[in-house]
Structure formats: structure tokens, C-alpha cells
Amino acid sequence: MSRIGKLPVAIPAGVTVEIKDNVVKVKGPKGTLERTFAKEITIKEEDGHLVVTRPNDNKKEKSLHGLSRALLFNMVEGVSNGYEKKLEINGVGYRAAKQGKTLTLTLGYSHPVTMEDPEGLETVLEGANTIFVRGIDKEKVGQYAAEIRSKRAPEPYKGKGIKYSTEVIRRKVGKTGKK
């Protein structure tokens, strides 16, 4: 049995779950998420918990079992607490500015890089060098944070660029002088 798939997903207070066929709609204090799951997987609500089961031990059903449970957990967690990614900008003259829903990044290019916040996500600046990406959909938060980071990924010699706050940049030794 799947170690992750067999764990029940607890439904916190203030969160409601509607299951219709294989479409699950989760509503909470932060918003609403809806997702269609594979028809092979059965999702039931039992005394304040969501239980995910599979009909047999085929390879496809086994892989979908843990995935479906993890996606359900992420939906419940998102509508109750939300998700957040923290990005740090390192480098002389590198900074971020926010105006309305537009994020403007100055990253050493000849032009500023502008990005619009996607629907359901928000970016918050703390100073000029820290960006928080917040939202209720874990997948969208991670994707947008990765897009911001890709505008100037950190380089290994000086560590300049945009990195996740938890990321460790492996530094390289530069050229040595001629002897």
C-alpha cells in the first residue's frame, strides 16, 4: 500500500469539500480551488477526513494513488493557510519595484524586466531585495517564483542573481593571477 496514499487528509474548521464524480471542489477562508482527478481513484469524505482509495495494484493506479492524495492535501492546505515562496535578489544595483500588479526588476540588463502578477497570486516586496510570492495554489506559486528566478538565475562566481531564500549557491573559485 502507498505510504502517502493511505494517509487520510484532515479537513480543518472553516473548510468545505464537495465531491462530485471525480471533481473535487475545496472552499476555505482564503478562496476556492477545483480539480479533476483520475477516474480510477475513489475519493470519499469520512468523519472530517478525506480518504483516497484505489481499486487494484496496477502500476498506473499505484502511482495515481499517492499523487491524488498529495494534490488533495495541497488544495486543503492552500485554502486554509495559503502558500508562500521567498526570493532574494543579490548583486550591486539589482533591485525590484512594485506598482499595482506590475513587478519591475532591475537586473543589470540594458532594460528593466516587467512582470504582471497572474490571477490568484500576489507579489509583496520587503525592501528592494526580497520578493514574496503568495497564493492558494501551490503549483502556481512555485511556477511564478521559478519564472521570476529565471530572469537572472544566480551565478556561481559572485552569487549575483535571484535565488530562493533556502537555496545555497555553490561558489566557484575564479581565475588566479599570472605568476
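This is a predicted model: local features need pLDDT of at least 70, side-chain atom pairs count only at pLDDT 80 or more; totals for chains, interfaces and linings use all residues.
**Notebook: strands, cores and salt bridges**

I started at Lys27, whose bridge partner in β4 is Thr32. Strand β3 (residues 23-28) and strand β4 (residues 31-36) pair in the antiparallel sense over 6 bridges. The two make a hairpin with 2 residues between β3 and β4. My strands and helices are DSSP runs numbered from the N terminus (helices H or I, at least four residues; strands E, at least two). I call two strands paired if DSSP finds at least two bridges between them.

Residues are numbered from 1 along each chain as its sequence is written, and side-chain values use heavy atoms, with hydrogens and water left out.

**Sheet**

Next I looked up the open sheet: 3 strands in the order β1-β6-β5, with antiparallel pairing. β1 (9-10) and β5 (42-46) are the edge strands, each pairing on one side only. β1 and β6 pair over 2 bridges, in the antiparallel sense. Who stands opposite His49 of β6? I found Ala10 there. Helix α1 packs on this sheet and touches β1, β5 and β6. The direction of α1 makes about 160° with that of β6. For the angle, axes are lines fitted to C-alpha atoms, for helices over the stretch in contact, and angles run from 0 to 180 degrees between N-to-C directions.

**Cores**

Which members of the largest nonpolar core touch the most other members? Of its 19 residues, I get Val24, Val26, Phe37, Ile43, Leu50 and Leu72. At least two residues of this core come from each of β3, β6 (49-53) and α1 (59-80). α1 gives the most, with 6 residues. By core I mean a set of buried Ala, Val, Leu, Ile, Met, Phe, Trp, Tyr and Cys residues joined through side-chain atoms within 4.5 Å. Buried is under 20% relative accessible area, exposed over 50%, partly exposed in between (1.4 Å probe, protein chains only).

I then listed the contacts of Phe37 (heavy atoms within 4.5 Å). Not counting residues up to four places away in sequence, Phe37 touches Asn22, Val24, Ile43, Ser68, Leu71, Leu72 and Met75. A second, separate core has 18 residues, including Leu87, Tyr94, Leu105 and Met115.

**Salt bridges**

My rule is a side-chain nitrogen of Lys or Arg within 4 Å of a carboxyl oxygen of Asp or Glu. How many salt bridges does this rule give? I count 7.

I looked up Glu139 and Arg35, a salt bridge with the closest N and O atoms 3.3 Å apart. Glu139 is in helix α2 (residues 138-150) and Arg35 in strand β4, 104 residues apart. Glu139 is exposed at 53% relative accessible area, whereas Arg35 is partly exposed at 26%.

Then came Arg134 with Glu84, at 2.5 Å from N to O.

Last, Lys163 and Glu88 meet at 3.3 Å, N to O. Lys163 lies in strand β13 (residues 161-164) and Glu88 in strand β7, so this pair ties together parts 75 residues apart in sequence. Is Lys163 buried or exposed? Lys163 is buried, at 12% relative accessible area, and Glu88 is partly exposed at 22%.
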